[in-house]
Amino acid sequence: MEETRTQDALLTLEGLTKAYPGVVANDNVSFSILPGEVHALLGENGAGKSTLVKMIYGLVKPDQGTMTLKDAPFQPANPAAARAAGVAMVFQHFSLFDALSVAENISLGMDHPPKPRELTARIRQVSEAYGLPLDPDRIVGELSAGERQRVEIIRCLLQDPKLLIMDEPTSVLTPQEVDILFETLRKLTQEGTAILYISHKLEEIRALCEHATILRLGKVVDTCDPREKSAKELAEMMVGTTLHVPERDASEPGDVVLAMDHVTLYTPSPFGTDLRDVSLEVRAGEVLGVGGVAGNGQDELLAALSGEARLTSGSVLLNGVPIAKLGPNERRALAVLSAPEERLGHSAAPDMSLTENALLTAAVRQRLTKRGFLRWGKTEDYAKRVIKEFDVRTPGPANAARSLSGGNLQKFVIGREVLQKPEVLVVNQPTWGVDASAAADIRQSLLDLAAGGTAVIVISQDLDEILEISDRFTALNEGRLAEPVPTRGLTVEKIGLMIGGMHAPALEDAE
Amino acid sequence: MDLSQINPILLIASLMVAATPILLAAIGEAVVEKAGVLNLGVEGMMITGAVVGFAITVNTDAPALGFVGAAIAGAALSMLFGILTQYLLSNQVATGLGLTLFGLGLSSLIGKPYEGMKVTTLAKMEIPLLSDIPVLGPILFKHDPMIYVSLMIIAGTWYVLKHTRAGLILRGVGENHDAAHALGYKVIRVRLMAIAFGGACAGMGGAYISLVRVPQWVDGMTAGAGWIALAIVVFASWRPWRVLLGAYLFGGITVLQLNLQAAGVPVPVEVLAMSPYVITIVVLVIISLKGNHGAPGALGKIFHATH
């Protein structure tokens, strides 16, 4: 079958190899992409997907191997050469300029942009043709994540690409926005454009892609038609071992531990979202899942619970005692702990060692200071304990937080809080950008914590994650919290509607 | 106290002279910062430009050559900063401060033989017809050529940043260097060009002090003008016309307070002497209270292509 694929292929890769000091990112990678095909590239973090697409897009030069595009040798020296040959790319972390307008952003992504007025007209035309509404004159910093992605896609479409590379395009979209994106992509493939689609989300790949190439540790380990496989089979092909599904014993939740009562929080940040009249209750031994698309008040909710932000109005109660006026360290002393989303810079100081980072949040509860002096020995022991119990892969606690991979650092910052025996733990995006096996470990540790009687709040944009571990589900939409509903029996479609701002009673009516 | 001896027309004409050094240095730095680089070495580049411009003019009797030399000297010094921060990834704040100290010392060394010397200054250009207009003529059309050059640089910078692709790329690099790199723009090259432009402008601004405003070489004669230029860039929200406003405001109050001192106004000299700094900053803060502050997103951040 691969023989015939190679003959009609739009792009053929043969024996691509790229090594960095100490690691082979791609090892003899070969596959081909047909015109009009949605081709999935699957693999865990660190499997070499990013390096591979960077080679196709001319950002990285391969050490060995050849590429052929439309029967001609293809060796892009830079992204401009790749674009000229008809290869376009939508990046995982949007490569947009916040202070510039939509039209200026698109102009920067084109090699020979038309005059501003013509460009504006063409943006409107393309955005209508593909069902991607977008105003060319708006400043990108004010757009939602879904709109920002449209900017990137339109930027690519204006160059009539033959191959469109999409790196994790749905990680920040609502289910409804994902549907719009998929329709656009299908429209493109009907016109003969090939799409190389990278995602962690296996269900999406099964819904969209016709062919999948699976990478593990830089090598092609398998190819398949994802429509014929289950998500579990795909995951196992990626990981190479059987996935560990977190488990927990069903237990009755205890008393209400933490309550927020009509909390309103005006954020000082121009890109932040105000919390409006948020009320919630979490019981001992319960996991409350908070869904929602990024930028709907997740960071602010965490800040209100951790004590980083002062409430505009409303109260926070711990076992009935108000704690809204207490700062983060005072709340830590009361066993209210949190792990924010941003690993580098918020939950961990990037250039400080793991020992120092352990001290930063554990000093109060683990008694790591004495009369204003640091107890280094005890702090290092605590860091070592976190590293050991959470299987953090690092040479030792003296290493800088920045030197750890995302998944390992995430295990460290979660472990650092979990081992302090919190009464309440709030985590935001606990497994964002973490590979499947590390994510399963983190989820299991949260479940174990809840089983021990801790009230856990998991804020996440990964709906599968929330469905898997939470007892009750709620969602943030423009700073408002939906009425929590039991997770059991919820479907992704219902959750999507809650995320979109419809509350539980309206949902029942909708059925 | 005799306020009648202050001539408003002469005052306005001389504020342009007083403001031009800061204006040149500030517009250069605004471009550097728009490209995402914070160069705190403005003072050092200014004073190096001042001494080099002075030395060349003393030896050639051609102030124009002096300004060209000052621009080249400022740009050369800024390239030292450029290589350290862009290729060797040194910290921009520390390197910029170092550049200021280095420039002050270097200018002192070069300037030693020139202390107390006289120099040919720039001749005033009386623009035919226009300079005969009452009031406006003496204010606007009887200046030396560098005043007009500085205004053209402001207008040119505004046009390039706002209306050309080169300006768009420069703003893009300053806003998000990783995105610019991913799109295939040469971040380091763009930044080096911006840094060199900033150095050249600062050098010319310094030379304007030693060749026109004073005109003499005195050790340490920029006297903090580079720092006020840096402040003006920030409070002007990185916009060229606001840089002009800030610099002229500063220059105007400087000239006014000197006149008030001479007229014997019963206000302590110290208060008058600090008034330009205080008023400029207060006014620009009030202007920038509203709306988009527009600090370039990547300002002062180190760019490394592998991240």
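Reply: Let's start in chain A, where Asp71(A) sits in the loop between strand E4 (64–69) and strand E5 (72–73). Strands (E, at least two residues) and helices (H or I, at least four) are DSSP runs, numbered from the N terminus. Keep in mind that this is a predicted model, where local features need pLDDT of at least 70 and side-chain atom pairs count only at pLDDT 80 or more, while totals for chains, interfaces and linings use all residues. Residues are numbered from 1 along each chain as its sequence is written, and chains are lettered from A and ligands numbered from 1 in the order in which they are written.

What's curious about Asp71(A) is its phi, a positive value near 65° in a residue other than glycine. Most residues other than glycine have a negative phi. (Buried takes 20 or more other C-beta atoms within 10 Å, exposed 12 or fewer, partly exposed anything in between, with C-beta atoms placed from the backbone.)

Now look at Gln429(A), also not a glycine, with a positive phi of about 50°. Its loop runs between strand E19 (424–428) and helix H15 (436–451) of chain A. Gln429(A) counts as buried, because it has 23 C-beta neighbours inside 10 Å.

Over in chain B, helix H10 (residues 225–235) has 9 of its 11 residues buried. Among them are Ile228(B), Leu230(B) and Phe235(B). The buried residues of H10(B) pack against several helices of chain B, including H2 (42–60) and H11 (240–263). Here, contact is when two C-beta atoms, placed from the backbone, lie within 7 Å. After H10(B) comes Ser237(B), with a positive phi near 50°.

H2(B) has another partner: H2(B) and helix H3 (residues 63–87) of chain B pack at about 145°, with axes 7 Å apart. (Axes are lines fitted to C-alpha atoms, for helices over the stretch in contact, and angles run from 0 to 180 degrees between N-to-C directions.) Gly44(B) and Met45(B) of H2(B) are among the residues making this contact, as are Pro63(B) and Leu65(B) of H3(B). The contact residues split into 10 nonpolar, 10 polar and no charged. Ala, Val, Leu, Ile, Met, Phe, Trp, Tyr, Cys and Pro count as nonpolar, Asp, Glu, Lys and Arg as charged, and the others, Gly among them, as polar.
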